[in-house]
Amino acid sequence: MEKLANVMVQESQSINDLALSYPESNMTGSITELDNYVASGAISSMGGVQVTRRNVVRYGSLGIAASCLLFTITNWKAMQYASPKAIWNLLFGTGNPPFEQKEDASSSQRIQQFVNYISDVDARKSTTIVPEFPSKLDWLNTAPLQLGRDLKGKVVLLDFWTYCCINCMHVLPDLEFLENKYKDMPFVVVGVHSAKFDNEKDLEAIRSAVLRYGITHPVVNDGEMNLWRELGVNSWPTFVLVGPNGKLLAQIAGEGRRKDLDNLVEAALLFYGKKKLLDSKPIPLRLEKDNDPRLLTSPLKFPGKLAVDVLNNRLFISDSNHNRIVVTDLEGNFLVQVGSTGAEGLRDGNFDDATFNRPQGLSYNAKKNLLYVADTENHALRVIDFVNETVRTLAGNGTKGSDYEGGGTGTAQLLNSPWDVCFEPENEIVYIAMAGQHQIWEHKTSDGVTRAFSGNGYERNLNGLSSTSTSFAQPSGISLSRDLKEAYVADSESSSIRAVNLRTGGSRSLAGGDPVIAENLFRFGDHDGIGSEVLLQHPLGVLCGKDGQVYIADSYNHKIKKLDPDSKRVTTLAGVGEAGFKDGAAMAAQFSEPSGIVEAENGIRDINNHNEIGGLNSAILTNYCRSSITLNLYILILSCTSKNSRSAGYASQ
């Protein structure tokens, strides 16, 4: 998601960024001038009223205090995550070992350096003892654990994460690497889920995330963020290394720290192994993936996004966790799948040989019968050619990039977690919502060049007249306006809907988000209204309908909403605001984190439901946390349970 200070490579999201981003420069300037004024002993007259030094100080201080109070009240969601310990850590650091490595230093020398550091920390009487997990917390993948009982004698890596966070997703391969490397050693990873959004506090939502991300280590739901506050954590993800005696050895924030974590874990195992403090008895696991029958019966597995070919009566579904693209007709009848093995991979070729890795966004080129795919965890843009029945990679090569400008051609240009795509037919450009580095990119099909189009890479909700004065926060949905002059963006981490000018690369706000403080990514909720008074919660999908209205998959509110781009008014069309799988009248229906939405010209009908979603006469939706097909009048819902026999042909082959 985001990082400690406002730097270009933002690898984690910091709570304290918000407090520090308040216009302190103006405040500091005012205080300096005030000090000079007071020191001069001056008394001035304003409107015949004498102004004394005492009154200036008194009322100036009251004004500053009132401003701080107003800031705290209006941004209480962000402030509730702050703690005195976090502020202390921000100001004075956490006493980590020096991670800089000399050019001529070997790996063994670096590990020995960490052994020496751990020896010093372990010997200190002032070393922090990590507090115990509260007894009433819910656990996943295991029975409840205690540091002083079940984890005693083990080197423990606590991963503070929240499942919406793109940076938290990026570090999962690092954790898997460590778990595999030290699987026969007394080493345990524990995910401490510390929710940003209200929806993420729900145990079932976290369970779905554990299944979706394939997490097999213990996870505790610390919804009230007890450990977060006690350890002074201030960003996602943060890693805390704990010794077998419960002592805090290191606290590291951000992604891209695999080598540091690997060396620290190896050093800790060496040091405590020599001290005979390790216990190799394994932790008993009870994996969620082995206890959820939906994973065996569902024809789809956490589908992400959709595209539609109305002329040929086809629906395209990114069956994300089956690593394939499924094609059906508009009644849900299976036609073909692209990527048949279900295995993760990045391989071009025919429909049977091609492989994907958690694909998300889709966009159809009707003129050439092509489907563009945001192959998210391959960090690649792919294209499916339905004429020749082949798959080809247009950009990216499977490696996560950190290039904020681009301009390369073909697979030489690295991407970073592309989440959605839309195709602009006049200029034949594919626009990419690059969630991993908070930008909108473009791929020109004419010359194969892929480059940054809008956004400077800072994770903020900042609108500007140009590309470089605009910032996004994990854009996850994108759709073109009817006149092709703008692209509407679901800016998920700022909980807002934005519009990007396709001529200048600048942006404007349509609904949601903080209209004043760009760094405040904690203004979320569920409230209809106009413009900035609207509250959304991590929207992942957006669609400009044929009527010119913008339709929003308000994912963490489990609702579908409509936005008028002219008046900026937002109204709820469907959903009760609680996760579930229920058909029926629009305002009684239940969704579960809907993430994709497309419009089908002729509608999808089911004689058992005579229902319509507002002005969107024919909508098709994906529920991110659900995994099968069921039909009602104008909506196709992808859900966790398999209730429709017509979906049976979707099973992974």
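Two strands are taken as paired if DSSP finds at least two bridges between them. Helices (H or I, at least four residues) and strands (E, at least two) are DSSP runs, numbered from the N terminus. This is a predicted model, in which local features need pLDDT of at least 70 and side-chain atom pairs count only at pLDDT 80 or more, while totals for chains, interfaces and linings use all residues. Residues are numbered from 1 along each chain as its sequence is written, and side-chain values use heavy atoms, with hydrogens and water left out.

## The six-stranded sheet

An open sheet is formed by six strands in the order S4-S7-S6-S5-S9-S10, with mixed pairing. Strand S4 (138-140) and strand S10 (248-253) are at the edges; each has a single partner strand, so one side of each is without a neighbour in the sheet. From one strand to the next the twist averages 20° (axes are lines fitted to C-alpha atoms, for helices over the stretch in contact, and angles run from 0 to 180 degrees between N-to-C directions). In general, strands of a sheet pair through backbone hydrogen bonds, either parallel or antiparallel.

| Strands | Sense | Bridges | A bridge pair |
|---|---|---|---|
| S6 (residues 187-193) and S7 (residues 219-221) | parallel | three | Gly 191 and Val 219 |
| S5 (residues 155-161) and S9 | antiparallel | five | Val 156 and Val 242 |
| S9 and S10 | antiparallel | five | Val 242 and Leu 248 |

Val 242 of S9 has a bridge partner in Val 156 and another in Leu 248 of S10. S9 and S10 form a hairpin with five residues between them, and Gly 246 in the turn has a positive phi of about 85°.

Strand S9 (residues 238-242) is mostly covered, with five of its five residues buried. Buried means under 20% relative accessible area, exposed over 50%, and partly exposed in between (1.4 Å probe, protein chains only). In a regular strand the side chains alternate between the two faces of the sheet. In S9 both faces are covered: Thr 238, Val 240 and Val 242 are buried on one side, and Phe 239 and Leu 241 on the other.

Trp 161 is placed in strand S5 and counts as buried, at 3% relative accessibility.

Helix H9 (residues 203-213) is mostly covered, and nine of its 11 residues are buried. Among them are Ala 205, Ile 206, Val 210, Leu 211, Arg 212 and Tyr 213. At the start of H9, a side-chain oxygen of Asp 202 comes to within 3.2 Å of the backbone nitrogen of Glu 204. Just after the helix, Gly 214 has a positive phi of about 70°.

Asn 263 belongs to helix H11 (residues 258-274) and is buried, at 5% relative accessibility. Its side chain makes a polar contact with the side chain of Arg 110 (2.6 Å). A polar contact is a pair of N or O atoms within 3.5 Å; within protein, one must be able to donate a hydrogen and the other to accept it, and residues adjacent in sequence count only if both atoms are side-chain atoms. Not counting residues up to four places away in sequence, Asn 263 touches Ser 107, Arg 110, Ile 111 and Phe 114.

## Aromatic rings

The structure holds 13 aromatic pairs. Rings of Phe, Tyr and Trp (its six-membered ring) pair if their centres lie within 6.5 Å; planes under 30 degrees apart count as stacked, over 60 as edge-to-face and the rest as tilted. The rings of Tyr 431 and Phe 453 are edge-to-face, because their planes are at 70°, with the centres 5.4 Å apart. Tyr 431 lies in strand S22 (residues 429-434) and Phe 453 in strand S24 (residues 449-454), so the pair ties together parts that are 22 residues apart in sequence. Tyr 431 is buried at 3% relative accessibility, and Phe 453 is buried with a relative accessible area of 8%. Elsewhere, ring pairs link Tyr 163, Phe 197, Phe 524 and Tyr 556 into a cluster.

Two arginines sit over rings. A charge counts as over a ring if NZ of Lys or CZ of Arg is within 6 Å of the ring centre and within 35 degrees of the ring normal. The charged end of Arg 212 is over the ring of Phe 302, 5.8 Å from its centre, and Arg 258 lies over the face of Phe 177, at 4.6 Å from the ring centre.

Definitions and conventions: Contact = heavy atoms within 4.5 Å.
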